[in-house]
Structures are given as structure tokens and as C-alpha cells.
Amino acid sequence: MATETLTLGKALNTGLRRALENDPKVVIMGEDVGKLGGVFRITDGLQKDFGDQRVIDTPLAESGIIGTAVGLAIRGFRPICEIQFDGFVYPAYDQIVSQVAKMHYRSQGKVRIPMVIRIPYGGGIGAVEHHSESPEAYFAHTAGLKVVTCANPQDAYVMIQQAIASDDPIVFLEPKRRYWEKGPVDLDAPLADAYPLHSARVARPGTDATVLAYGPMVRTALDAATAAAEDGRELEVVDLRTLSPLDLTAAYESVRRTGRCVVVHEAPGNLGLGSEIAARITEECFYSLESPVLRVTGFDTPYPAARVEEEYLPDLDRVLDAVDRTFGW
């Protein structure tokens, strides 16, 4: 068994390489993905090894990238589009919502769009304006799209390959602040035996309260659980992994045992994923709850300047404060 310690970014790179090796119909396209290897170097070395017909540097036009990919997908290719930063996706939003999400439905199932839209998202890297967005709710709200996000190197390696192999259009959200975090990756495990793409998973078992998180906030939730354990409180952390379809099976099972639930995400709280999750938890686990489901989110403001972003982002203290409040009822 070949288990290596990789950064999340390198795990994505290795997963993309495997997909290119296994299927000649897989192509990667985006701004600076080729010779430069992407602004975060996620596609580093791929154009050199697979050529500029399969790893394609595109013009600076996100709508053009997505529109071209739609045509390729209709003709049997499996395009992977990189949106260089989360805040750059909006010029392509019309294409994604009006065509990518609807083509299969309005063709009565005759046309599939097997494409992946990779989006580095979230804050925490001290970037300038338009480079630290959390747009997941836009896409999760859009019928016809699937939305997933990885939180560790192992999931990054496996989930990107599963997304590429899927016949559905998938928005693949990559937590950019976690690109450099390391973890073990099993490079030999068969993809067919991997954990299902659209399933949540318990990241840390616990008995006293449930913390639900995804993407960049999973590490924050795990750190909060470690801190809480020092005070004798065991938090169960559930990594949602898939935002559409939203899989809450593990969350329901956890909340029925713990009786308390805190949902954490970087995006603003107003109409965010946390609202939907809290509503579903309340509906399904009402008689098990010892307190209301609480949310820890970004604030309802445009993303702030880099020097104050740490005041905006949910952190360990805010998560622990919410957990404490669930015990106050």
C-alpha cells in the first residue's frame, strides 16, 4: 500500500494526474493552468506531461471557459475548468446556471454535461478584494448542479477523481487556506472502494455536542474539539463533504445522541447553508434536541480587507462560545 504524506494541493494535483492518465477524454482548461501550473500550482507539471491540447491555457474570460467546456462535454469530453479565484466565477455564473445546470433536464436526459468546475474558495490567506469569497450557497441553491468540497488531502485526492468520473456537472470547491496542510494519502486504494462522493462523514467522534462543518472550517471545528476535550467536553465533528445533494444522515444520527448542534461555515449567515441545515436538523431531530441549533458564520458584510479578515472568519473561540451556549438552555 502506497501511503504518502501530501499537502492538500499536491493531493489534488496527483488526483488530476490520475484522471488524465486513465481517460483520454479528460481535459483541463483555465487561466494559467498550463505553463504556470495554476496560481496555486495545483496543475503544476500537467501540461508538460500531457501536452497543451489536454491542459489548456485559456484567455481571461470565465464565461468563455465555461461555455467552451459545455460544448466539449456535449461532444463526449470530460472538461475540468479552473476558476482562478472564487470571486472570478461571477462572469460565468449565467453559463453555469442557465446551461450547465439545465442542459440535462431540458433535453429530457438525452444530453449529459460531465464537467467539473474547480473553485478555490474561502478566506484566510490575506488576499485582496475579489479573492476571498464563499459562493457555495449560490450553487447549492441551483437545481441541476452538484456541489462538493474537500477538507483534507485524502478526500482531495479521491473526491476530485470521483467528480471527474461522474456524469453530472459538479462544482468542486477547494479550501484555499488549507492547500498547504499535510496529511496521509492512500494512492493505491481502488476508486471503486472509496467513500461515496456525496456522503458526509464523522471526522471526530464525541458524545456531548455535534459540530457540523465543511471545507476550510472542518480544521477549525477539529481544533475546537481538541480544545474542548481539555475541559472534559467531547465534541463530535461531522464533515459534510457534499453540499448538494446535502447528506445529513450522519448529522441526524449524531444529534440524536448528543442533543446539541452547532453549524459552522465561512459564508455569511443570512440564507447560508447553515440556515437550511439548522432547519432540517430541527425537523428531523426535534425531540432529541436539548437546545436550538446554533450557527457560527461569517458576517453579513462584503468580505473585509485582509488586515481584518481574522475578525470576520469563524475561529476556535467563536465555535467554543456557541457550544457553551447550547449548554445554557
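These legends accompany close-up views of a predicted model. Local features are described where pLDDT is at least 70 and side-chain atom pairs where pLDDT is 80 or more, while totals for chains, interfaces and linings use all residues. Residues are numbered from 1 along each chain as its sequence is written, and side-chain values use heavy atoms, with hydrogens and water left out.

View A. Pro245 belongs to the loop that runs between β12 (242–244) and α9 (249–258); helices (H or I, at least four residues) and strands (E, at least two) are DSSP runs, numbered from the N terminus.

**View B. Arg41 and His130 have positive phi values.** Arg41, a residue other than glycine, has phi near 65° and is found in the loop between β2 (26–30) and α2 (46–50). His130, which is not a glycine either, has a positive phi of about 75°, and its place is in the loop between β5 (116–121) and α6 (136–140). Arg41 is partly exposed at a relative accessible area of 42%, and His130 is partly exposed at 43%, where buried means under 20% relative accessible area, exposed over 50%, and partly exposed in between (1.4 Å probe, protein chains only).

**View C. Phe40 and Trp180 form an aromatic pair.** The whole structure holds 11 aromatic pairs, counted for rings of Phe, Tyr and Trp (its six-membered ring) whose centres lie within 6.5 Å, with planes under 30 degrees apart taken as stacked, over 60 as edge-to-face and the rest as tilted. In the pair of Phe40 and Trp180, which is edge-to-face, the distance is 6.1 Å centre to centre and the angle between the planes is 65°. This pair links distant parts of the chain, 140 residues apart, with Phe40 in the loop between β2 and α2 and Trp180 in the loop between β7 (170–175) and β8 (182–186). Phe40 is buried at 16% relative accessibility, whereas Trp180 is exposed at 53%. Phe85 and Phe88 also form an edge-to-face pair, because their ring centres are 5.6 Å apart and their planes stand at 65°. Phe40, Phe85, Phe88, Tyr179 and Trp180 make up one aromatic cluster.

**View D. Charged side chains sit over the rings of Phe77 and Phe327.** Lys25 lies over the face of Phe77 at 4.5 Å from the ring centre, and the charged end of Arg233 is placed over the ring of Phe327, 3.9 Å from its centre. Such a contact is assigned if NZ of Lys or CZ of Arg is within 6 Å of the ring centre and within 35 degrees of the ring normal.
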